[in-house]
Amino acid sequence: MHPSFSFKLLREDLPTRRLQARAMHVMSALFIFIYALHYWMETPEQWMYLMLLAPAPLLIIALVIFRKRIFDNIHNNRVFRLLEIALLLSACLHFLQIASLLAASLYLFVALIIAFLWYIEHRIFQDEYVLINSEFLGIPGALSDKKYAWDALEKVTIKNHYLTLFFRDQLQRQVRIFPSTSREEQEACLSFCEQMILERNMS
């Protein structure tokens with residue numbers, strides 16, 4: 001039975017991605033607040049609806065400014081994304097009812113963008129692992145995992161916490177892994193990779 005190895009992926013761009021995610025929360029909140037103001041200006045007698053709609057975007061903006069770390073929790077982030085999607089779709093339906101097709105299309109487009117972020121952020125912000133077994137070497141991606149067959153590889157190295165794949169077509173791919181793995185585990189993994197590459201290339 002062949003062994004298997006896993007190394008936790010270290011995303012160097014994670015702080016930038018978290019900043020971008022918070023910026024998109026603010027954008028969604030502004031769209032929702034504009035919708036609330038528009039609804040109130042169209043039907044001022046229904047001011048209670050404004051009182052129900054306005055707190056959500058204001059809360060999101062306040063949290064981004066004063067408690068931004070709350071969005072670092074993947075579950076909190078997903079809950080707020082779902083809230084934003086629901087309110088943006090509500091705005092889309094409202095504009096459809098009053099025959100404002102341009103505004104409805106805009107809000108639908110924004111809702112679809114937030115729904116897409118809801119999906120990929122779940123992958124990006126959770127712990128991800130490079131998987132190595134007798135069948136393939138798998139590296140997580142934003143949309144899906146990439147699995148490399150051993151017969152496509154020429155060499156695998158681990159140096160300074162970077163795992164590098166050298167392909168037979170002269171291409172390379174490098175990812176950074178957490179420095180928590182022991183030197184013995186890394187050496188055992190490299191020996192296994194060398195063995196698998198040799199076996200596949202000889203067959």
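1. Let's start with what is tucked away: 37% of the 203 residues in the protein are buried (under 20% relative accessible area with a 1.4 Å probe, counting protein chains only). Keep in mind that this is a predicted model, where local features need pLDDT of at least 70, side-chain atom pairs count only at pLDDT 80 or more, and totals for chains, interfaces and linings use all residues. Residues are numbered from 1 along each chain as its sequence is written, and side-chain values use heavy atoms, leaving out hydrogens and water.

2. Now the parts list: six helices and seven strands. Here, helices are DSSP runs of H or I with at least four residues, and strands are runs of E with at least two, numbered from the N terminus. Going along the sequence, you'd read β-α-α-α-α-α-β-β-β-β-β-β-α. The protein is more spread out than a compact globule, because its radius of gyration is 24 Å, well over the 17 Å that the globule rule gives for 203 residues. That radius is taken over C-alpha atoms, and the rule is 2.2 Å times the number of residues to the power 0.38.

3. For the outline, picture a box of roughly 80 × 35 × 30 Å along the principal axes, filled by the C-alpha atoms.

4. Have a look at the hairpin that β6 and β7 form, with four residues between them. Strands β6 (residues 162–167) and β7 (residues 172–176) pair in the antiparallel sense over five bridges; pairing takes at least two DSSP bridges. Phe-166 has Gln-172 in β7 as its bridge partner. In the turn, Gln-170 has a positive phi of about 75 degrees.

Methods. Buried < 20%, exposed > 50% of the residue type's maximum accessible area, 1.4 Å probe, protein only.
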